[in-house]
Number of protein chains: 2
Amino acid sequence: MLKSTAPPSGCVPRTIGPLYGGDVSGPSDRSRVSRLPDATIARLPLYLRSLAQLQADRTVVVSSEDLADSAGVNASQVRKDLSFLGPVGTRGLGYDVDSLRSKIEVELGLTEELGVVIIGYGNLGRALAGYRGFGARGFRVVALVDDDPAVRAVAPDPLPIHPLSELGRLAQEYALAIALVATPASAAQDVADAVVAAGIRSILNFAPATLNVPADVTVRKVDLAVELQILSYFRQRRPGATVG
Amino acid sequence: MLKSTAPPSGCVPRTIGPLYGGDVSGPSDRSRVSRLPDATIARLPLYLRSLAQLQADRTVVVSSEDLADSAGVNASQVRKDLSFLGPVGTRGLGYDVDSLRSKIEVELGLTEELGVVIIGYGNLGRALAGYRGFGARGFRVVALVDDDPAVRAVAPDPLPIHPLSELGRLAQEYALAIALVATPASAAQDVADAVVAAGIRSILNFAPATLNVPADVTVRKVDLAVELQILSYFRQRRPGATVG
DNA sequence: GCATGTGAATAGATTCACAGCG
DNA sequence: CGCTGTGAATCTATTCACATGC
């Protein structure tokens, strides 16, 4: 799939799938058994979310149809996705909520808590740091980085804010697994380089910039403006746009 | 594609494509000429971003290969995508940066400024309100909504914060085009119902919940935990996870 | 000559429809 | 009987390879 010629510079990671919305640039060498289809991987977290809700409601068993409704997808999609995890349901009955949840968590590698560093402590970085949903789902923000001394001086958070130069040390000390890049676009590539140099190989990029990273680094991106522009397209093509 | 039987309740909008990352639930009736493939629609904003950069650098013409590098996709993908806009390049030369940018903007409906309302003025809502990137790309936050009187009392923003009950009026007054839902999951469906009732038909949902909306409403979602869990999957399947 | 634009080929994802099994 | 699990069919997207035209 990937031509064996070396990529030009910086090594643009292969965008694994396509598709409208975030995309994955994953460990690009598919020779390794990458068991699940990419589309399935992206949906497992949705099922997990629904299962957690069901669990909270004391529901013991769920059918593919109910799970599908709850996750906003098609029932045969649910069955196909879950079938990749092995035989995980009971015919005639449905899926056991608890055990399915565990199976998905194992599949996603959510068995240990993963350390997260937030790089860029502006508006968005602060909001991310304050986000309550991390702990509940197996992630913990353990370090903050910003290269602007003025930003570091404010330090309104329980966690100290470090300069980028300390990222390598932080990565070792806290076993950082994931970096959230919340810097301006202009700084994003330098930050990504530092992240890679620090040995962190999972990046969630909020900066509106394309990151060039080695092939063994996974990047997912979240770009607000891109999302809005996609919405704009559908808006424009609507029958009668009345209000907006 | 959509079975003609009426959906159960609330009408789950069809998730138009799949794919790992945000997905679209768009105006589901494809009978109308929805010219571009969904995957293309999702990439046009990326090209736009690259083109803006090139324009800033005073680059006049760009080849599909350079544009592809800059956007992080494949060159033939770029050519295929752009070919849907009509003949937009010059053989032997490349694409004119200015005119290509305009063409894409027109295609995405970015010719008029679109009014955005942020619903839920917690951590994330405030960060979104403070985000500088809106204006630069044709969107403007013109209203804020939060149903918690305590939150409204703080009002640290130039814009006043309204109760949800005023959304209908705000939608009319400001011709709101897009709603950003940044509430807790528990409130998200009620908010979505109010958004729909107010006549707004584009939603960007940050709440970790599936929204049920009528078929003519487009929803895109951004879920931080989902992104992290996807990263976790790839992390787990890596050869030798050293640091993290 | 060179890079676009495009039909054809391939790969991947979704949906269907039903066999299999509790 | 009911619901899972799955092969087959379909649909969509990506990539290739080359004809086309500046």
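Biologist: Let's start with Leu204(A): in which strand is Leu204(A) found?
Modeller: Happy to begin there, with the reminder that this is a predicted model. Leu204(A) belongs to chain A, and the strand that holds it covers residues 202–205. That strand is S9.

Biologist: Is Leu204(A) buried or exposed?
Modeller: Buried means under 20% relative accessible area. The relative accessible area of Leu204(A) is 0%, so Leu204(A) counts as buried.

Biologist: How many Å apart in space are Leu204(A) and Val181(A), C-alpha to C-alpha?
Modeller: In sequence, 23 residues separate Leu204(A) and Val181(A). Val181(A) is also among the contacts of Leu204(A), once neighbours within four places in sequence are left aside. From C-alpha to C-alpha, the two are 6.2 Å apart.

Biologist: Which residues of chain B is Leu204(A) in contact with?
Modeller: Neighbours within four places in sequence are left aside here. Within chain A, the contacts of Leu204(A) include Ala179(A), Leu180(A) and Arg220(A). From chain B come Leu224(B), Glu227(B), Leu228(B) and Leu231(B).

Biologist: Moving to charged pairs, how many salt bridges are there over all chains?
Modeller: A pair counts when a side-chain nitrogen of Lys or Arg is within 4 Å of a carboxyl oxygen of Asp or Glu. Over all chains, that rule gives 22 salt bridges.

Biologist: Why does the pair of Asp223(A) and Arg49(B) join two chains?
Modeller: The side chains of Asp223(A) and Arg49(B) meet in a salt bridge, at 2.5 Å from N to O, and both residues are buried. Asp223(A) sits in the loop between strand S10 (218–221) and helix H10 (224–236) of chain A. Arg49(B) lies in helix H1 of chain B, so the pair joins two chains.

Biologist: Which residue forms a salt bridge with Glu227(A)?
Modeller: The closest N and O atoms of this pair are 2.3 Å apart, and both residues are buried. The partner of Glu227(A) is Arg220(B).

Biologist: In which helix do Glu105(B) and Arg101(B) both lie?
Modeller: The side chains of Glu105(B) and Arg101(B) meet in a salt bridge of 3.2 Å, N to O. Glu105(B) is partly exposed, at a relative accessible area of 24%, and Arg101(B) is partly exposed at 23%. The two are four residues apart, about one turn of the helix, and that helix is H4 of chain B.

Biologist: Let's look at the sheet in chain B: what is the order of its three strands?
Modeller: The sheet is open and its pairing is antiparallel. Strand S2 (61–62) and strand S3 (89–90) of chain B are the edge strands, each pairing on one side only. S3(B) pairs with strand S4 (residues 94–96) of chain B over two bridges. The order is S2-S4-S3.

Biologist: Which residue in S4(B) does Gly89(B) stand opposite?
Modeller: S3(B) and S4(B) pair in the antiparallel sense. Within S4(B), the residue opposite Gly89(B) is Tyr95(B).

Biologist: At about what angle to S4(B) does helix H4 of chain B run?
Modeller: This helix covers residues 97–107 and lies across S2 and S4 of chain B. Its angle to S4(B) is about 75 degrees.

Biologist: And in chain A, what is the bridge partner of Thr90(A)?
Modeller: Chain A has an open, antiparallel sheet of three strands in the order S2-S4-S3. There, S3(A) and strand S4 (residues 94–96) pair over two bridges. In S4(A), the partner of Thr90(A) is Gly94(A).

Biologist: Which residues of helix H5 of chain B are buried?
Modeller: Helix H5 of chain B covers residues 123–130. Its buried residues pack against elements of both chains, including H10 of chain A and strand S5 (114–119) of chain B. The buried ones are Gly125(B), Ala127(B), Leu128(B) and Gly130(B).

Biologist: Are H5(A) and H5(B) roughly parallel or roughly antiparallel to each other?
Modeller: The axes of H5(A) and H5(B) come within 9 Å and cross at roughly 175 degrees. Angles over 145 degrees count as roughly antiparallel. H5(A) and H5(B) are therefore roughly antiparallel.

Key: Residues numbered from 1 in each chain as written. Chains lettered and ligands numbered in written order. Predicted model: local features only at pLDDT ≥ 70, side-chain atom pairs only at ≥ 80, totals over all residues. Heavy atoms only, no water. Pairing = 2+ DSSP bridges. Contact = heavy atoms within 4.5 Å. Axes fitted to C-alpha atoms, helices over the stretch in contact; angles between N-to-C directions. Buried < 20%, exposed > 50% of the residue type's maximum accessible area, 1.4 Å probe, protein only. Parallel < 35°, antiparallel > 145°, perpendicular 65-115°, else oblique.
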